[in-house]
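Thanks for coming. Have a look at the model first.

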Amino acid sequence: MINAQKIVLSDDMYCLGIESTADDFGVGIARSNGEILANAVESYIPVEGGIHPREAARHHAEVANKTLLQALTTAKIKPKDLTAIAFSMGPGLGPCLRTGATVARTLAAYLQIPLVGVNHSIAHIEIGKLETGVTDPVTLYASGGNTMVTAFESGRYRVFGETLDIALGNCLDVFGRQAGLKSQRGLPLGAAIEQQALRGKTLIRLPYVVKGMDLSLSGLVTSAVTQLQKGNHSLEDVCYSLQEHAFAMVTEVTERALAHTEKKEVLLTGGVAANNRLQEMLRIVSEEHGAKFNVVPKKFATDNGAMIAWTGFLAYSQGIVTPIDESYVKLRWRVDRADVPWIN
Ligand code: ATP
Ligand code: FE2
């Protein structure tokens, strides 16, 4: 809900943000001047396979208390000093979103302060802008659950291209699991693939599917698994080829959005942003178009509460508050359906 009344923020205002769209439960605290005072995250690690939404939600409920306390202690903030409570309203997994929303509603009601529902994808972009100093980028947001190229145009963040099936991070994770790679010492499967790919020498031809401005990754991952199972190629070569194809696809779409919009900045965010080869490809095309390439620092690239807290402030400054009885979560809330009145 938009309340037309803008709020003048003063430096002693603090927003607590709760993130719970998927496997991470995060609590961040931001100050209205953009300082991030705390960014506590607890991750649910499935015993095997991918994320089970209800199991992840159960995890979030269990760690909510300790994560909240950790964030407040780190920030040296008392609950009564908070100005607003922001939460990830969508898109994401229903049970996970609802757990975070319940914690947020309880806090806002108890403290009698405003609740602000935040679009998770927009939060990824806004924390990137805050941390890197870019103002008007073409953004590639590539994570376990999302892959999209966005830029601000005519009052909204517009989606210039996106995956038609699975996300880039999911593509890597599915292959990694099928290939028997294990995430060791908290190392994500995407990072394990990146290490293998460094030793790859031969590029194997795999499906490369860009349709208009959108892309498809499910055929690529199936084909990569088949190539590996046939036993004609080394794991290193398949990892290398998988990365080259998948990253070239997202880079092509990003480049075309850049050529179309003529923006001067490119921003890479989401968990896959940690990948050096992806960064390299995007840096090359950015420079070819005279644009500056930026990547979000790792702790703000994956899902985190700080990005929700900061975006909550941006919304709240424009008078956006979410009444508790309208604070239902939106599982498929697209970026191009969210108002961003703080951008002009
Ligand atoms: P979202 O809800 O935004 O989709 P998520 O929890 O699914 O978020 P993130 O935490 O943003 O995803 O990112 C996790 C993904 O990032 C995983 O798919 C993981 O394999 C991938 N990843 C992490 N490090 C690397 C790396 N170095 N190279 C490639 N992929 C990586
Ligand atoms: Fe995310």
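The side chains of Arg334 and Glu162 form a salt bridge, with N and O 3.1 Å apart. By salt bridge I mean a side-chain nitrogen of Lys or Arg within 4 Å of a carboxyl oxygen of Asp or Glu. This pair links distant parts of the chain, 172 residues apart. Arg334 sits in the segment after α10 (305-317), and Glu162 lies in strand β8 (residues 156-162). Helices (H or I, at least four residues) and strands (E, at least two) are DSSP runs, numbered from the N terminus.

A word on the source. This is a predicted model, where local features need pLDDT of at least 70 and side-chain atom pairs count only at pLDDT 80 or more, while totals for chains, interfaces and linings use all residues. Residues are numbered from 1 along each chain as its sequence is written, and side-chain values use heavy atoms, leaving out hydrogens and water.

Buried or exposed, or in between? Arg334 is partly exposed, at 35% relative accessible area. Glu162 is partly exposed too, at 21%. The cut-offs: buried is under 20% relative accessible area, exposed is over 50%, partly exposed is in between (1.4 Å probe, protein chains only).

Next, Glu280 and Arg277. Their closest N and O atoms are 2.9 Å apart, in a salt bridge. Both sit in helix α8 (residues 276-288), 3 residues apart, so about one helical turn separates them. Glu280 is partly exposed at 40%, and Arg277 at 26%.

Back to Glu162 and Arg334: salt bridges that share partners join them with Asp336 into one network.

How many salt bridges does the structure hold? It holds 13.

Notes. Chains are lettered from A and ligands numbered from 1 in the order in which they are written.
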